[in-house]
Each structure stands twice: as C-alpha cells, then as structure tokens.
Amino acid sequence: MSRVTLTALQVMVAVVSLVLWQLLTTVPVFGRVLLPPFFFSNPLDVAHQVYIWFSTGVIWKHLWVTLIEAVLAFFIGSIGGVLVGFWFARQPRTAAVFDPYVKMANALPRVVLAPIFTLWLGLGIWSKVALGVTLVFFIVFFNVYQGVKEVSPTVLANARMLGMNERQLMRHVYWPSALSWMFSSLHTSVGFAVVGAVVGEYLGAAAGLGYLIQQAEGIFDVAGVFAGMFVLAAFVIVIDSIVTVIEKRLLVWRPVAEARP
Amino acid sequence: MPEIARAQTDAPSAIALADVDVAFRLADGGVYTAVARASLDVADGEFVAIVGPTGCGKSTLLNIAAGLLAPAGGRVDIFGAPLPGINRQAGYLFQADALFPWKTSLENVAIGLETAGTPQAEARERAQAWLTRVGLGAFGDRYPHMLSGGQRKRVGLAQVLIRDPKILLMDEPFGPLDAQTRQIMGNLLLDLWSADRKAVLFVTHDLEEAIALSDRVVIMSAGPAARIIGDWKVPLPRPRDISEIKAEPEFQKLHRDIWQMLKAEVLKGYAQAEGV
C-alpha cells in the first residue's frame, strides 16, 4: 500500500466516524434520535469546545501541568527502575529476598494508591508524579533487570578476554544491554507516565487534562468530556512520535527485524 | 622426542596443559567429566589445530587455556607460569557472534585498546588501520548487524589481533561461514599469522581445514572423558594457499591417515549419542 493511499484511508476512517456520530446525534431515524445528545454530545459541539479552549488559551496551562507531571514521573521512575534493576540483576541474593514483594507491589492496581498519595503529597503535581512513578518504575525495572541478565554469554566472555575489568564490563556491556531493553519499552513507559498523571488529576487536582475532564463530567458537560479526551489523545500522539524519533536515534545499532515490541 | 625436550629447556611452551581434567556439575547432582587427563603443548609461534567429534570437549579445552574455565585437576601453564584467571596474553576468536552489537566496527576493534588505557584518538586510528588490513577499511561506521557473517568474522579477527596477544585461541571461528568464505578467511588468517607467528590453538571439526592451516593436528577422542589420542605433524611447506594445498598428494595422504583414526572416534561419538 502506498503512503498516500494509506493516509487517505486513515483520514477516511476519521471522517466516516465523525459523520456517523454527527448524523446519529442530530438526525432522527424513524422519529427517534439514536444517540441522545445529552449523553453523546456531537462532533461540532466538541470541536467548538476545543476551539474555545485553544482560542482563550485556557488549555495551555492544563496541558503544561500534565506534561510536567508526566515528564517528572517518567524520569524519576526510569532512574529508579534503572538503579534497582541493575542492583537486583548484579545481586541475585538481594533479588531473591525482595522477589515476592516486587511481584506483590507490581500486581497492585496503582489507582488505589492515588488517595494515599493525595493524602501524603497534597493536591499539587507531586501526588500525580508519584502515581506515574509507581507505573513507570516497574516497566523500566523489569526491562533493565532482563537486559542485564540476558547479556549474551559470548559477548561477555569476549569482553573479559579483551581485558575488561568489572567497571568496564558495566560500562561497555551491561549498561548498553540494559539501556537497549529500556528503550525498547520507551513507548510503554512514556504512555504510563501520562496515564499516571491523568488518572491522578482525575481523582483530585486543581489543574491538568484529567482535572478538565473531571470538571466537565461533574456538570454533565459531555461535550467537555469528549473535548478533553480528544486533546489528551492528540497530546499522547505528539509525545509518542517524539519518542519514536528518540528511539530511532538511540537504537540505530539494532537490526529492525529483531526489535522487541 | 629429543627435539621436544630441547624446545622445553630453551623456551617455555606458550600453552602447556598437563593432565587436565574438566568436570561439570549436573542439575541432578551428578558430575559429568568432559575432558580427562588431557596434555597438550603449544610452542611459541606454533599453529596447532584440535580436531575431534562434535561435543568432545574441544571448546572446553580452549576455554581452559583462555582461563574462562578452571580445570578440576591438572596444570595449566602459560609461558611457564601457572594461569591464575583470565589469560591476559591470549586473544580469543569465538564461534558465535561476539562483537558488541551496540558498537560500530571501528569501536568494536578499538575497544580492546581503549579499555587498556590507549587514548581514544590513537586507538581509533590503529583500529582503522586494522580494519583496512582485514579488508573492511570502508566499513568502520557499520554496526555488526549490517555486516555479513564473513565481515563480522573479519572485524572479530581485527578486534582480537589489535591487542597483539602472544597466543591466539580460535573456536571454530569460520564454522558458520560458507565454504568459499571459509577459504578466503583461512588465507587471510595465515597471512596475518605469518607476519608475526603467534602461538595458535585452533579448534575445528573440519579435518581439511585443520591440516591446511596448522603445523600440528591434535585428535581428541569422543566424550565423555575425552582424551587426546593423536598428534600429527603437518610437514607441508609455507606459505600455503588453502585451496591449492588440498590438491597436494602429501596433503591427501596425511588426510587419509588422520581420517582413519578420526573416523573411528566420530562413529563412537554417534553410537554414544544414540545410546543415550
């Protein structure tokens, strides 16, 4: 499929969905509107709401807050994950001791932590950052752990034979291997950083996209809820494409066919 | 025999394995003896090939000489001194891909010098020279996955030789390559080796390759408890061309003789594998 055809088809899906949505919420079929506007709003109202947000500039503050929260959550979670992942992978005994607790913590639905974080850290950005960190940390941690564990024994033996000491092995073998695993999960971890921020805001905040959606919902402003969702989706797509660019640069050495999902 | 004795008094062997045993602990608590009482001397500047049936412990013996594996019994001396750990005087060319996938060819070749403290600029310069020597001068910025199997082996060879090790250990290095590339790599190896005659221990399952390359061919028996059962001098003149030397009557006679012995071991190996 050529690039143009693909783009045309992709746009068509959007257009058809939007037209269907508009028709079903405004034009009565057999004397009855199939999607009541109160619950489903309609694309024009939603677009209008988005337009108002951007034209008045209200949205920028909320986007900025969500972005900051997600970025902080991503970096703090990643750094923690890398450090602990490395530590556990190089100290099997420590890893064995903590293993059940790591599994337990990872199995916990992170949403239940949100009220505690709000209690501890208040309604500001830090309770959302904390929620995002708990999500990002485990993804990065597991990948780094795996990356250090699964260094090819031949590459390791080769490094030893080339005269590397323990510190050099770390720098030239374990570290790049762990990073490659971490970067291959970059999309997931960045995505979860945003999820943590938005869910946190939704559950209690004074600003952010999640807060915007929650406010609209509170006054049954369905157009506002949908508008918030669309802005969020666009926000995620932009971030994701930035991640793709970064990933391509960092993993240039890796064969495309073997890239991990 | 007197010749060997003289060699020992003059200069210590590059590699001297004496009654080496290698044992692995099995998952069920038993012990598997891979190699039993193996003795082998490689003189400085000598090219020795080890040939044996698959799974006989040839690579194990190489890992012992490399210091990657500790023997369960016996002595390992490198240039007359016992080997305490990793063999710092040896370069090792592995069978599997051992290049760092996240480094370019140039970085891969330079790394052995950089970790030893050579300034980066100088290390890269020498690495570029080595890449040129192995015929990859224009491929310095490629990552390993962008190279063919033969090219990766060339980078591997440069990566090992740039450190100028006194001993070269090679574990079926050209095993995964196709027949033509193997010949080319064999000739390249002989070329590079003839420049400064390092001691080489070369493991292969290909008898023709072993005879064509080496000064001595050592035959190992089928495992478990593999031993060294044959030691043949290869009196073919150097410099050699691998494809041409195989046509020599002397080569063919030697091949026939050694193969008689090796064949019995290969069949034994098969019988054991099937008996399990």
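Me: Which residues of H7(A) meet which residues of H10(A)?

Reply: In this predicted model, A:Ser127, A:Lys128, A:Leu131, A:Gly132, A:Leu135, A:Val136, A:Ile139 and A:Val140 in H7(A) meet A:Thr188, A:Ser189, A:Phe192, A:Ala193, A:Val195, A:Gly196, A:Ala197, A:Val199, A:Gly200 and A:Glu201 in H10(A), where contact requires C-beta atoms, placed from the backbone, within 7 Å. By class, this contact has 10 nonpolar, 6 polar and 2 charged residues, with Ala, Val, Leu, Ile, Met, Phe, Trp, Tyr, Cys and Pro counted as nonpolar, Asp, Glu, Lys and Arg as charged, and the others, Gly among them, as polar. Residues are numbered from 1 along each chain as its sequence is written, and chains are lettered from A in the order in which they are written. Local features need pLDDT of at least 70, side-chain atom pairs count only at pLDDT 80 or more, and totals for chains, interfaces and linings use all residues.

Me: How many residues does each chain give to the contact between chain A and chain B?

Reply: Chain B gives 21 residues and chain A gives 15 residues. On the side of chain B that touches chain A, E6(B) gives the most, with 3 residues.

How values were computed: Two residues are in contact if their C-beta atoms, placed from the backbone, lie within 7 Å. Helices (H or I, at least four residues) and strands (E, at least two) are DSSP runs, numbered from the N terminus.
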